[in-house]
Amino acid sequence: MQEMYREMARWTPGGFVVERGGLVMVGAPHGTVVTNMAIVAGRTDVETIVCETERVYGRSGLPFSVHTRAHVDVELEEALAAGGFHEIATTPGMVLRPEEGAPVRVPAELRVQPVESDEDRAAYAEVMAEAYAVYGSP
């Protein structure tokens with residue numbers, strides 16, 4: 001997940017990736033709390049999160065969210081709540097190991113193709129705009 005968001009930030013005009021203080025911070029000048037995020041990637045604490053997010057997002061007034069890992073960050077989540085942060089959403093993490101699950105038949109109507117032209121990009125943007133509109137993201 002971290003690499004996916006790093007790559008999205010790299011390809012976004014004005015996008016940035018900052019890794020410091022146990023955080024992977026990604027975003028862009030026109031991002032939202034969905035795309036500007038400080039992802040907890042290692043040992044950190046609330047004071048570090050406040051300091052680093054202020055440095056990366058706060059100085060420019062950018063919206064952002066902090067993403068924690070439910071399986072290791074329970075105490076940090078409690079400390080963040082006590083420090084004034086509030087939960088926006090909980091997203092489940094998922095793992096599919098190769099030895100689990102049977103192969104699934106690919107639907108005949110499914111088409112996977114590279115985006116290679118302006119027309120392809122426009123079609124992709126239309127689908128993504130509709131998908132992300134639920135989060136208030138442009």
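This is a predicted model: local features need pLDDT of at least 70, side-chain atom pairs count only at pLDDT 80 or more; totals for chains, interfaces and linings use all residues.
Five of its five residues are buried, so S2 is largely enclosed by the rest of the structure. Leu23, Met25 and Gly27 point one way from this strand, while Val24 and Val26 point the other way.

| Pair | Sense | Bridges | Residues opposite each other |
|---|---|---|---|
| S1 and S2 | antiparallel | five bridges | Arg20 and Leu23 |
| S2 and S3 | antiparallel | four bridges | Leu23 and Val40 |

S1 and S2 also form a hairpin, with two residues between them. In that turn, Gly21 has a positive phi of about 65°.

**The nonpolar cores**

Which residues make up the largest nonpolar core? There are twelve in all, among them Phe16, Leu23, Met25, Val40, Ile49 and Leu80. In soluble globular proteins, nonpolar side chains tend to be buried together.

Met25 has contacts in several parts of the chain. Leaving aside residues up to four places away in sequence, Met25 touches residues including Phe16, Arg20, Ala38, Glu52, Val56 and Tyr57.

A second, separate core has six residues, including Tyr5, Ala9, Val26 and Ile39. Tyr5 sits in helix H1. Is this tyrosine buried or exposed? Tyr5 has a relative accessible area of 18%, and because buried means under 20%, Tyr5 counts as buried. Beyond residues up to four places away in sequence, Tyr5 touches Val26, Val34, Met37 and Ile39. Tyr5 and Ile39 are 34 residues apart in sequence, and their C-alpha atoms are 9.4 Å apart in space.

**The largest pocket**

The largest pocket has a volume of about 1400 Å³. It is lined by 33 residues, and the closest to its centre are His67, Thr68, Ala89, Thr90 and Thr91. Helix H1 (2-11), strand S3 (37-40), strand S4 (65-67) and helix H3 (74-82) each supply at least two residues of the lining. What kinds of residue make up this lining? They divide into 20 nonpolar, ten polar and three charged.

Key
Residues are numbered from 1 along each chain as its sequence is written. Side-chain values use heavy atoms; hydrogens and water are left out. On a 1 Å grid over the protein atoms alone, a cavity is a set of points where a 1.4 Å probe fits but cannot get out, and a pocket is an open set with protein on both sides within 12 Å along at least five of seven lines; lining residues have an atom within 4 Å of a point. Grid points are joined across faces, edges and corners, and a volume is the space filled by probe spheres set on the points. Ala, Val, Leu, Ile, Met, Phe, Trp, Tyr, Cys and Pro count as nonpolar, Asp, Glu, Lys and Arg as charged, and the others, Gly among them, as polar. A nonpolar core is a set of buried Ala, Val, Leu, Ile, Met, Phe, Trp, Tyr and Cys residues joined through side-chain atoms within 4.5 Å. Buried means under 20% relative accessible area, exposed over 50%, partly exposed in between (1.4 Å probe, protein chains only). Contact means heavy atoms within 4.5 Å. Two strands pair if DSSP finds at least two bridges between them.
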